[in-house]
Amino acid sequence: MRLLILTLFVLMLSNTPALADNQRPSIVKNVNANALSDNAVRVSWNKPWDNVAVVGYNIYRNGAYFATLYNATNYLDRNLRANTTYRYAIVAFDKARNYSVLSSTASAKTAGGSRTVASAASAAPPPSNGRPNAPTGLKAEVRNASTARLVWNKPSGSVEGYNIYRNGRYLYTVRSTTQYSATSLNSNQEYRFAVVAFNGNRYSVKSSEIRVKTSGSSTTTTQANSSASSSGSVPEGYKLVFNDEFRSRRLDASKWNSRYRWGPKWTINNEQQYYVDRLSDPNFGHSPFDFDGEHMTITATRTPGHLRSKANNKAYLSGALTTYRKFKMRYGYVEMRAKLPKGQGLWPAFWLLHNHENGKRPEIDVVELIGNRPWIAYQTYHYYDNWSLRSTPSYEARGPDYSQAFHTYGMKWEPGRITWYIDGEATNTYSSGNVSNED
């Protein structure tokens, strides 16, 4: 598992409990898609039932999340490619962010012919290999010593989102927008930015690179030469109390344990790996943790024969990090920036685990990925009631293949409510008196 940043935040303000609403809306029915021209499709559907009220819809196009719509049951999809079939499905959600099951799919094919465009250069046809064109017109406005706002033009063809690169490395992914605010920059320092458009698993080449130099006070607008870190996802009202960006060459023992609190010999969930306790057993003979000064990589490998007995006879070696007895929290916001692996048998995860074997013994799964379904992120809450395990449904957040790029996985824990996020967008919510108040 490839990690870029793990950051925890603590709520400063409200302690007001949230009202419980665990009922998801019914499935959306009568989804229809009608092509209006060679570049537009109108999608419509019936409003489903909910015990409180449906407030919005997530629209999926060609099997991937595309847009969110509030208080309407039809959507006009514009700027499409001529003579192309598009498939649409709808998910309804209520105010508590309970999500319906994905609806059936409706398809429409745009008319043939060409579109009239204002500028042939800015609306070039997509490459013959199906990849989007590169974004154009990249500009940057330096707002202060630590923030720069990037804007660019949407390329022609279907685009689901954009990957932002800083100094040649992947930084962040945005959707449904052609702008991004880069924050937490160093003053009086030059940065290089570029943008890549994507549609499914097809990626454009990088845009022209732009150079941005921060300052102490002035506001400067710069445009990319055509020949040539904070994500903003943290909710307001929080302060940073714990973080690690893994920019050293080793694990920080003041922050981390490289084992679960019950030790490496106890197997849970019938798992087949042995977690190498790098910090407590540096002479084990293998380390799953690698560092390059910018990232930490955790790699699972087959157990070499000469280490099999030391690894409790497990077939695989891997790694895990916890903050047990190093850091704990009650309520707050956490996030992890990671590129998760895919493959049969892999199960990367980011959890909050309980400190004590009494009470509700809560576990909040910020994200879990099942390796053979890398386009579904699972988000779940577990707790005990009278010594019996209770669990919410494993809420799904469907998106692109999460293993193809870095994404930010976040969770906000409040009295009576848990809200999950991916790339700054709320994906699921659970509100109930069963939400634990234990650290």
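Strand β32 (residues 425-431) is mostly covered, with 5 of its 7 residues buried (under 20% relative accessible area, 1.4 Å probe, protein chains only). The model is predicted: local features need pLDDT of at least 70 and side-chain atom pairs count only at pLDDT 80 or more, while totals for chains, interfaces and linings use all residues. Residues are numbered from 1 along each chain as its sequence is written, and side-chain values use heavy atoms, without hydrogens and water.

Over 6 bridges, β32 pairs in the antiparallel sense with β31 (residues 417-422); strands are DSSP runs of E, at least two residues, numbered from the N terminus, and two of them pair if DSSP finds at least two bridges between them. Arginine 417 has serine 431 in β32 as its bridge partner. The two strands β31 and β32 form a hairpin with 2 residues between them, and aspartate 423 in the turn has a positive phi of about 55 degrees.

## Aromatic pairs

The structure holds 24 aromatic pairs (ring centres of Phe, Tyr or Trp, the last by its six-membered ring, within 6.5 Å; stacked means planes under 30 degrees apart). Tyrosine 170 and phenylalanine 406 are stacked, because their ring centres lie 5.5 Å apart and their planes are at 20 degrees. Tyrosine 170 counts as buried at 13% relative accessibility, as does phenylalanine 406 at 7%.

Phenylalanine 246 and tryptophan 256 also form a stacked pair, with centres 5.9 Å apart and planes at 25 degrees. Ring pairs link Tyr260, Trp262, Tyr275, Trp347 and Trp351 into a cluster.

Note on methods. Buried means under 20% relative accessible area, exposed over 50%, partly exposed in between (1.4 Å probe, protein chains only). Helices (H or I, at least four residues) and strands (E, at least two) are DSSP runs, numbered from the N terminus. Rings of Phe, Tyr and Trp (its six-membered ring) pair if their centres lie within 6.5 Å; planes under 30 degrees apart count as stacked, over 60 as edge-to-face and the rest as tilted.
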